[in-house]
Amino acid sequence: MSHHTPHDRRVSRRETLQLGGALALGLTGLAGCGGGGSSGGGSKGPGVVRVGTWGGDYTAAQRKAYFAPFEAQTGIKVETVESANLNAAAIKAFEATGNFQWDVTDIAAGEYQTAVDHGWLESIDYDVVKAGDKTPERQFKQYGVCAESISDVIVYRSDVFRSGGPRSWADVWDTGAFPGPRLLWKNPYPALEGALLADGVAPQDLYPLDLDRALKRLDAIKDDVAVWFESGSQSQQVIANKNAVLGSMWSGRAAQSRLVDKVPVEISWNQGIYTPSIYVVPKGAPNAVNAMKLIDFMAGAKPLARFAELTFYGPTNLKSLPHIDPATRKLMNTDEANLSVQFERDHAYWARNLDAVTERFTAWLTS
Amino acid sequence: MTRGRLATPLLVAPALAFLAVVLFYPLARTVEQSFTDPTTGLENYRHLFASGVYVRVLLTTLLVSGLVTGICLLLGYPLAYTAATRGGGVRALVLAAVMIPFWTSLLVRTYAWQVILGREGPIASLLDAVGVAAPQLLYNRIGAVVGMVYVMLPFMVLSLYAVMRDVDPSLLRAARSLGAPAGRAFRHVYLPQTLPGVTGGVLLVFVISIGFYVTPALLGGRKEVFIAELIQMNVTETVQWGFASALGVVLLLVTLALLAAYDRLLGAESMFAAGRREGRA
């Protein structure tokens, strides 16, 4: 990266640079394991755009659904940079070091809120980004564009609960009606949200979370949660080998369990908690213009539909749904029937309270 | 030793320069950040000790790591002894059994344990067939310890093997021929000579164990949260680098204190004595 001093960097920024240096060094070191360093000059030819990506199947699906057709259509070369740290912290490190590992990536909605709160993102250029569902709250945000999405949903083994499984978080808590080991994500969400919903709080009254009430409700099923899963693939394994027979999973993983692993897992969409992931451009990214063009392409109906078929992440552009094969579409969290009984997580709440809530939750978990 | 004295500074200079850039400088920055981000002062440390959860997680980390180290030593010593004292075929077999998992990806091994220890896995099925109710082996402390021991065992065996290989077997035979029973010959002749390997193996296994994250997180239960997991959470999720730095500094200090205590009790310099002997060859 040759020109790494964005325009109006002030002295105070310099200090951040020095302080952040040590950790940033570690972060960017981890991140910098893919993609060549050559970023081609900006003025000649269509140039490049560097995309931060999670690696593995995810990157392969992005390549098929987005990058390859985008390159064919525009001539702009898409370089992928694999990283396990696609989040606000990585963008903070770019800001601190002036070393931009990538120009665009998709981050979780909570991370987006953190980055927005700190002013680390470029505004989306809506003269360039024109594709997609213009419903603003659905897909278009000031500093990002939603592409795929995921929901925390209630799941159960249909071979265990033959006459119907849990249909609400209250049912997940009801060990009498639905006995068996449970799985939950080892994370404050959706555990705390689920606990309050189980306690009778309505989705619109959920935030700010009543932590005391939530943890008290969690106490009630502490011994019935056999697995606090750490990763999506672990949750698939747990439900496949019956170490848990009900609980909550990420919708894409549950769909994959069902369609790929052929596990008899059923999803109850009621009270599912919806979270989009959002494509963003770090402030000062060298290829920001090409990044906007790529975002415009990815937000479109057909590329998103293709990506959804490959990964089971629901498209935030609802015009994508008719392009998805019916068996997969039924298990998409954004299919109309499924989406209508869910609600969206309050990402602003989480971004602003994550540290304190995580600490309370971890204290509860380990005690 | 005397001849090397002049050459020594030149010989170690490149390594020191390397360490200065990749270790000492970032470490100094980390320490600094723990006192300055987000505010200057002791706030990060005050919060760390006031909240209780971090001390608890640190204790869990040290306790489980100690347990893993002890089990590795109990399992590794006979293995290394067998490899060091038996002929080619047995030695090759033992070393291969230890090394092959070492070359396999950590995640693959961890997932393999989820299958083996799972509710419908081979161990549960076997116990089931015999009519014994299988205990919960996964997603609790047993799972975490089993998975970690499996990962760390090669480090222990190789540390011990390197030292045992150099122990002269005729000394043991001499002790026996002078009338020492097998147990006594082992305790007084063999064991003391292998202590450098024990020290090296214990330190290596313990220090690596306290930095674990993935294995206890995937195989352990809700209580098997390691301090590294909380550090990572503060770096990448809640973006509190000053607090993450403070956690790292406390972990480093506790580790150094434990190593110093170990040195006081058993003498870590015995490990370096082994290094000197190897240097002679």
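Helices here are DSSP runs of H or I with at least four residues, and strands are runs of E with at least two. By that count, chain B of this predicted model comes to 13 helices and zero strands. Of the 281 residues in chain B, 42% are buried. Take the contacts in chain B between residues at least 6 apart in sequence, and 73% of them join residues at least 24 apart.

Now bring in the partner. In chain B, 41 residues are in contact with 44 residues of chain A. Three of them, Y139(B), R222(B) and W241(B), supply 22% of the area that chain B buries against chain A, more than any other three residues. As for size, an interface is often described by the accessible area lost when the parts come together. Here chain B and chain A bury about 3,500 Å² between them, with 56% of it on carbon and sulfur atoms.

What about charge pairing across this interface? The rule finds one salt bridge between chain B and chain A. Its partners are E229(B) and K186(A), whose closest N and O atoms are 3.8 Å apart.

V239(B) is found in the loop between α11 and α12 of chain B, and its phi is near 50 degrees, a positive value in a residue other than glycine. Most residues other than glycine have a negative phi, and most peptide bonds are trans. Is V239(B) buried or exposed? Its relative accessible area is 13%, so V239(B) counts as buried, the cut-off being under 20%.

Chain A has a counterpart to look at. K242(A) lies in the loop between α8 (232–240) and β8 (246–250), and its phi is near 60 degrees, again positive in a residue other than glycine. This lysine is partly exposed because its relative accessible area is 25%.

Stay with chain A and turn to helix α6, residues 188–198, where ten of the eleven residues are buried. Among them are P188(A), P190(A), L192(A) and E193(A). P190(A) has its place in helix α6, and a cis peptide bond joins Y189(A) to P190(A), with omega about 10 degrees. Just after the helix, G200(A) takes a positive phi of about 100 degrees. Further on comes another cis peptide bond, between Y207(A) and P208(A), where omega is about -10 degrees. P208(A) is found in the loop between α6 and α7 (211–221).

Last, the cysteines. How many disulfides does the structure hold over all chains? The number is zero. C146(A) counts as buried because its relative accessibility is 1%, and C72(B), with a relative accessible area of 0%, is buried as well.

Key: Residues numbered from 1 in each chain as written. Chains lettered and ligands numbered in written order. Predicted model: local features only at pLDDT ≥ 70, side-chain atom pairs only at ≥ 80, totals over all residues. Heavy atoms only, no water. Buried < 20%, exposed > 50% of the residue type's maximum accessible area, 1.4 Å probe, protein only. Contact = heavy atoms within 4.5 Å. Buried area = accessible area lost by both parts, 1.4 Å probe. Salt bridge = Lys/Arg side-chain N within 4 Å of Asp/Glu carboxyl O. Disulfide = S-S within 2.5 Å.
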